[in-house]
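Dear colleague,

Please find the structure below, together with its sequence. My notes on it follow, and I would be grateful if you could read them alongside the model.

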Amino acid sequence: MVTTIKYREFKNKLFKVIIILLTTVCTLPLLLVLYKIFREGISAINWDFFVNLPKPVGETGGGIVNALIGSVLLILVASVISIPLGVFTGIYLSEYRNTKLSYFTLLSVDVLTGVPSIVIGIIIYLWVVKTMGGFSAISGSIALSVMMLPSIIKSTEETLKLIPNTLKEASLSLGVPYYRTILKVILPAGITGILSGIILSIARVAGETAPLLFTAFGNPFINTNILKPISSLPAIIFNYAISPYEDWHKLAWGASFVLIIIVLFLNIITKIAQRKWKVQF
Amino acid sequence: MPITTDQQIKGINFSEFAFRKILFISAISIVILLFCFFLTLVASSLPSINTIGIKFIYGVTWDPVSDKFGGFPFLAGTLFTSLLALIIAIPFSLSVALFLGEYFRTGLISAIFKNIVELLAAIPSVIYGFWGLFVLVPLIRSLETKIGVAPYGVGILTSSIILSIMIVPYAVSLTVQVITLVPADLKEAAYSLGATRLEVIRNIILPYTRSGIFAGILLALGRALGETMAVTMLIGNSHIVPVSIFSPGNTMASVIANEFTEATGKIYLSALIEMGLFLFLVTTIINIIGRSVIKRFSIS
Amino acid sequence: MKTFKSALSIVILTAVIIIAMAFSNTKNENAKMTGSSDIELTAAGATFPYPLYSKLFYEYNKQTGVKVNYQSIGSGGGIKQLQSKTVDFGASDAPMSDEELQTSPGAIVHIPTCLGAVVVTYNLTGNPVLALTSDVVADIFLGKITKWNDKRIQGINPGVKLPDLAISIIHRSDGSGTTYIFSDYLSKVSDSWKNKPGTGKSLDWPVGIGAKGNEGVSGLVKQTPGSIGYVELIYAIQNKMPFAKLKNKSGNFVEASLKSVSASADVSIPADARVSLTNTDAKDGYPISSFTYILVYKDQKYGTRSESQAKSTIDLIWWMIHNCKQYAEPLNYSSLPVAALKIAEANLKSVMYGNKKLL
């Protein structure tokens, strides 16, 4: 009897050790990726890197300013499209919880979360690029905005659900019209939750490459015209990573470093925001 | 601001009406958007569906020169990489989920590991691909040289490893969610009968959360099927049916990424879009099943 | 809550300002179109001449201010994007086939810009220069010769000690003019190649792995010991990769060079410039050489194209074919022989905007 208990205890301990071991192994990839990118990336970065355009093959001192500006513009335009649509849809879902439409909308949001980004790229190519007769920043932004929608809708819906009905009822009973109650009372009460959802969705699309291949295309020059093709950080990482030139690999490491810093920064901001200004009642 | 005149009331009524309309239109536009996605994909794949028909699924030759479009190599490549990635990822995700959901539910250690796993999901796909190309590929290549297969370095195994890293966070977050939902009194009852933690996990937690864990794995699979950039950079882009884990191959997503901007023929382009339609349908079905299982689980 | 609201309003305000700038920029640019400094042209296609084109467009931008956004997505991509009218001009190493010309929405003219060569490059320790015959090259890429120390390779290279190493084939994964030129050559010299996989921009390869672009193939060959691939000459030279001497039709082993590539164009060229130079009859010609082309619509008045846009496209190409020489040769592209230049000029002059001449 004693041995069985000992054996059971031993198995129990062993299992715990295995769990801890496997969990620790899981953290290795992140550390390895960050280590490699920091090591290679920092040495690639200097002033030229941020202010110069890429140089033709064989000339040194190229930079990625076109991609930096491109990424910022793509994401800004994508946000302008997706934030209002996403937030309003989120409000609808939290306000009309049991309608048929809210059921189907929620289902669509779930499905949209899972649609591979490359498929979104195909569709936006067919809708926008073909219709407009050319690759453009706006088509890239539309593709990104579709990818931002689910996370914005979900975070809005889930945050607003947490806000007690009493708050809304108090406002309504004071004679404040419904739309003002939502916009001036309910939304501000849940703003941190919604904002962190938006920031998280931006962090996600900042590194999206696949849909941009057929939409924003690429551009070796600085472009601020949304009707023209535009470069972006992930696109140049892809192009330079598969090239055979050392100089271009260096640019790609530098660009990866910048992209990782941006993505990690946005993620950490949301984490802090969620912790510090948690929406709770 | 007291409301006095009729006009003001009318104004408010109108704003009220407009506001509700905006909400309604926003919500319905999401449904319409998704429906139009589907319609566009179907309409644009019609030329391929009509000319190639069912052969698209089992044809093994993808030869744009002679207009032969058999998608089987990519179907096989997609399933092969995704399933292998799942096999690699499942033990890890279960461990992490038990670690976070059972062994270390709170405290500093838990917070650190939780954040690390979440950050794994934050790293862009293209960076995983880049890293894989310069770190993982040489490793796999030296392994291949040792065991005497063609030392390409890129191929099914390389992409599966990267894919598994990318899907672990998804499987973990869903599995932790269901593991923490196991009622405490069930577990306590088992402990009071003298069960060890391992026995509680095996006999209480895992059976109780079986459907939830299944859903988590299913959703992770959905992710793996559609992953594009990292796989495109690491799979070797070869139009052959992969026969071993060291074979180069192609997935549906990577073949679209490689060939979409240059598909000249009408059928060629349409065949690629049909591949996109396939991906769309498969991921949609997987998501609907996965989410509904999870939803049912969290309600019960 | 207050701080959040103000933060939010600042974010929204900046967004609005930047978007407004983006849009106002659009208007400005359209207005300026009639001037010339801010014109931007979009082009896509072959990766084969990409190093040269990126240099040319960089210089052209310095001289005239015209920005040319050239994306090297492969010749197949160049043709497709031109057909769907998403670019101002396309670029391809393979002349368009009759079928492709028929399915295009308008007449397209071919303008040869320079000559390039496809070399067979490999990764072997010590970077020996190998000599290869056409049938050996074909059988390697058909997967019939699998080891480096195969008798047939060793037989032609008695002075080189070849390792007992598996040959890894690396080919293009994207539709490529380089593939077209290479397979065009192999189809001419090998009957079994001609049967399958044949000639094309993308093939059903019997063995090997694919990489995207000339960049991708040279990158992968460089990383993979025992591999063999085919790339445009400049990619091999710039990456310090060895490439094989090939036996040409006249029986000479020829190394790809400016001279041997130029020599291969010493054949009669038809008026539409669509000609294959592979397996050339020229005695000192390198057997896998080709023109690389720029493709434009004969009638530039389509879609929303303005006349100034059409005009600057044609001006650019005119400048390219006449200034190619000084930039091409340092990068190991051969410039057009006089006969070919005459044809390029004539083809370019035939391009119209509606019924207005552009040159």
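In chain A, the C-alpha centres of domain 1 and domain 2 are separated by 33 Å. The two domains of chain A span residues 2–44 and 47–280, respectively, with bounds that come from an automatic or database domain assignment. Their contact draws six residues from domain 1 of chain A and eight residues from domain 2 of chain A; two residues are in contact if their C-beta atoms, placed from the backbone, lie within 7 Å. On the domain 1 side of chain A, the touching residues are four nonpolar, one polar and one charged. In this classification Ala, Val, Leu, Ile, Met, Phe, Trp, Tyr, Cys and Pro are nonpolar, Asp, Glu, Lys and Arg are charged, and the others, Gly among them, are polar.

Please note that this is a predicted model, in which local features need pLDDT of at least 70 and side-chain atom pairs count only at pLDDT 80 or more, while totals for chains, interfaces and linings use all residues. Residues are numbered from 1 along each chain as its sequence is written, and chains are lettered from A and ligands numbered from 1 in the order in which they are written.

Chain A as a whole contains 12 helices and zero strands; helices (H or I, at least four residues) and strands (E, at least two) are DSSP runs, numbered from the N terminus. The radius of gyration of chain A, 24 Å, is well over the 19 Å that the globule rule gives for 281 residues, so chain A is more spread out than a compact globule. That radius is taken over C-alpha atoms, and the rule is 2.2 Å times the number of residues to the power 0.38. Along the principal axes, the C-alpha atoms of chain A fill a box of roughly 70 × 70 × 35 Å. Of the contacts in chain A with a separation of 6 or more, 76% join residues 24 or more positions apart.

Buried residues account for 53% of the 281 residues in chain A. A residue is buried if 20 or more other C-beta atoms lie within 10 Å of its own, exposed if 12 or fewer, and partly exposed in between.

In chain B, T40(B) belongs to helix α1 (residues 6–52). T40(B) counts as partly exposed because it has 18 C-beta neighbours inside 10 Å. Neighbours within four places in sequence aside, T40(B) is in contact with I123(A), L126(A) and W127(A).

Finally, 21 residues of chain B are in contact with 28 residues of chain C. On the chain B side, β1 (62–63) and α11 (252–259) are the elements that give two or more residues.

With kind regards
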